[in-house]
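Hi everyone, and thanks for making time for this. I'd like to walk you through one model today, so please have the sequence and the structure open as I talk.

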Amino acid sequence: PVQFSMPSLLEDLRRVLDLHQLAPAQLALEVTESALMHNLENTREQLQQLRRLGVRVAIDYFGTGYSSLAYRRHFELDTMKIDRLFIANMLESERDAAIVSSIIELGRNLGLEVIAEGVETEAQKEFLARHGCVYFQGYLLGRPTPVADLEALIESAATGTAPR
């Protein structure tokens, strides 16, 4: 939230993108609902500038903060992330299942990519897929990994060899 409100954000991003030779579309910034609501006019301007630069923007922790749809319509976003709080209980709780499926439908209707956080089981993944959410994060994909191990994994994927 602090970085998002900094006047130098765009220039800092340009510098980092140039330094690492990345196209802006390869970067997605995750912004919480509370950060979006902090200063509406500044937020709207920052989002427009980020979009013009080509950086993707995701709303994180959707459904846990200020989920006012009256305000949501003012923000240009690319991605909506469903908070793990809802994912964890969606198979046991009809209410959480309804919330998750509604968020997925809302995201699709708004033309947003929808990502579920905290997916740990095949059953959760299947529920999400049945409702149209094919992107997810969580332990089902893998546990947090030390940088050296991750680099080896990426290298092995790129070269088609087994990880060391």
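I'll begin with the overall layout, then go to the core and the strands, and finish with the salt bridges.

A quick word on the ground rules. This is a predicted model, so local features need a pLDDT of at least 70 and side-chain atom pairs count only at pLDDT 80 or more, while totals for chains, interfaces and linings use all residues. Residues are numbered from 1 along each chain as its sequence is written, and side-chain values use heavy atoms, with hydrogens and water left out.

Let's start with the layout. The protein has eight helices and five strands; helices here are DSSP runs of H or I with at least four residues, strands are runs of E with at least two, and both are numbered from the N terminus. Reading from the N terminus, the order is α-β-α-α-β-α-β-α-α-β-α-β-α. Of the 164 residues, 33% are buried, where buried is under 20% relative accessible area, exposed is over 50%, and partly exposed is in between, with a 1.4 Å probe and protein chains only. The accessible surface comes to about 10,200 Å², and carbon and sulfur atoms hold 54% of that; the areas are from the Shrake-Rupley method with a 1.4 Å probe, and for residues only the protein chains shown count as cover. Taking contacts between residues at least 6 apart in sequence, 59% join residues at least 24 apart, a contact being heavy atoms within 4.5 Å.

Now, the core. Which residues touch the most other members of the largest nonpolar core? They are L50, L77, I82, I87, V100 and L128, out of 35 residues in that core. By nonpolar core I mean a set of buried Ala, Val, Leu, Ile, Met, Phe, Trp, Tyr and Cys residues joined through side-chain atoms within 4.5 Å. Have a look at V100: leaving aside neighbours within four places in sequence, V100 contacts I82, F86, I87, M90, F127 and L128.

I82 takes us to strand β3, residues 79-82. In a regular strand, side chains alternate between the two faces of the sheet. Strand β3 pairs with β4 in the parallel sense over four bridges; pairing requires at least two DSSP bridges between two strands. The bridge partner of I82 in β4 is A116.

On to the salt bridges. How many are there in the whole structure? The search finds nine, each being a side-chain nitrogen of Lys or Arg within 4 Å of a carboxyl oxygen of Asp or Glu.

One of them joins E113 and R56, at 3.1 Å from N to O. E113 lies in strand β4 (residues 113-116) and R56 in strand β2 (residues 56-62), so this pair ties together parts that are 57 residues apart in sequence. E113 is partly exposed at 27%, and R56 is partly exposed at 26%.

Another is within helix α1 (residues 9-19), where R15 and D12 sit three residues apart, about one turn of the helix. Their N to O distance is 2.5 Å. R15 is partly exposed at 48%, and so is D12 at 28%.

In helix α6 (residues 94-109), R108 and E105 are also three residues apart, about one helical turn. Salt bridges that share partners also join E30, K81 and E117 into one network.
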